[in-house]
Amino acid sequence: MIEIDGLTKTYEATTVVDHVSLTIEKGEICVIVGTSGSGKTTLMRMINRLVEPTAGTVRIDGRDTRDRPAHQLRRQIGYAIQGHGLFPHRTVGQNIGTVPRLLGWEKPRIAARVDELLSLFQLDPALYRDRLPSELSGGQQQRVGVARALAAEPDILLMDEPFGALDPIIRSKAQDDLLAIQKRFGTTIVLVTHDMEEAITLGSKIAVMDKGKLLQYATPAEIIARPATDFVNQLIGTGDRPFRLLSLETVLDHVEPGEAAGDAIDASLSLRDAYAECLWSGRDAIPVEEAGQRIGRVTLSRLTALAARPQ
Ligand SMILES: Nc1ncnc2c1ncn2[C@@H]1O[C@H](COP(=O)(O)OP(=O)(O)OP(=O)(O)O)[C@@H](O)[C@H]1O
């Protein structure tokens, strides 16, 4: 658990993070969103003391982060940034092994961890471990950057616009990978992004920042249904609200008994995808399948009701 209390950063006369308090529970993904210059990165970097707070405290599992040297703290917290920040003259394997090496892990343990992470990110270890970063595509470099951040099995992972430079297809894949890895290791993740869509897809909680202040800290559903200020409302995009609500749940959550004509959709798709398919194919109901078996249908009337403003 990360407890942030009254956290403030001032540069000369300017306060760039202003008395922010929030608690991130273990295993949660907290996404910090806001416009450029709102203090997102500064807030996140105060967690691993890459930026020293002017005032306030950060406690990790009850322990004040100032009670040990900053470099020691940082070895326990993974950190991944946009553009990956890989060492260009070190191989992929050496890059991933950086922190385990600093922590004094035995060589075979490091090698095993490198291969485990490469496989997890769908990069064949035999093919990729000895390559230099320049011999990988941008998306592959990004995955290696995240793998490196996870190498020492940190309980906490900080990510600053990690997928910002990726094209939409690779980006969506990288987000899925991250969710799968988060589930598997139970890592607590704090992620900074400009992109509300990404925040809604990934966040168990979203922190909205503006001019150094925390405007709202709540679940995606709560933020969409009850934005705390006009600014939050604008950030969600007024016209997108119904679709964003639908994107939070899967078809499986709302299958109804009964038949429907035409091709089926998979139960794991989002309600938003189901709605799009209804509109696109001009159907009022679509059959739903799970593992190749028909399990019922999803109806346009139900989807329309679910997309309406919550009471
Ligand atoms: N070392 C520094 N010295 C002085 N001002 C700084 C320093 N670092 C950041 N700032 C200022 O603090 C403010 C917040 O910066 P920060 O990088 O936290 O914003 P951000 O929300 O992450 O922005 P972006 O989305 O553009 O990365 C900005 O106005 C920035 O110019």
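The questions and answers that follow concern a predicted model.

Q: Why is Leu 300 called partly exposed?
A: Leu 300 has 17 other C-beta atoms within 10 Å. A residue is buried at 20 or more and exposed at 12 or fewer, so with 17 Leu 300 is partly exposed.

Q: Where is Leu 300, and which residues is Leu 300 in contact with, leaving aside its neighbours within four places in sequence?
A: Leu 300 is found in helix α14, residues 300–306. With those neighbours left aside, Leu 300 is in contact with Cys 278, Asp 284 and Ala 285. Asp 284 is 16 residues from Leu 300 along the chain, and their C-alpha atoms are separated by 5.0 Å.

Q: What makes β1 and β4 a pair?
A: Two strands pair if there are at least two bridges between them. Strand β1 (residues 2–11) and strand β4 (residues 55–60) have five bridges, in the antiparallel sense, so they count as paired. Thr 8 stands opposite Ala 55 in β4.

Q: Why are β2 and β5 called edge strands?
A: The open sheet has the order β2-β1-β4-β5, with antiparallel pairing. Strands β2 (14–24) and β5 (63–64) each pair on one side only.

Q: What makes up the shell around the ligand, by class?
A: The shell has two nonpolar, eight polar and one charged residues. Among the residues surrounding the ligand are Tyr 11, Val 16, Lys 40 and Gly 34. Tyr and Val count as nonpolar, Lys as charged and Gly as polar. Helix α1 (residues 40–47) gives the largest share of the shell, three residues.

Q: Which strands does α1 lie across?
A: Helix α1 lies across β1, β2 and β4, and runs at about 120° to β1.

Key:
Residues numbered from 1 in each chain as written. Predicted model: local features only at pLDDT ≥ 70, side-chain atom pairs only at ≥ 80, totals over all residues. Near = placed C-beta within 6 Å. Helix = DSSP H or I, 4+ residues; strand = E, 2+ residues; numbered from the N terminus. Contact = placed C-beta atoms within 7 Å. Axes fitted to C-alpha atoms, helices over the stretch in contact; angles between N-to-C directions.
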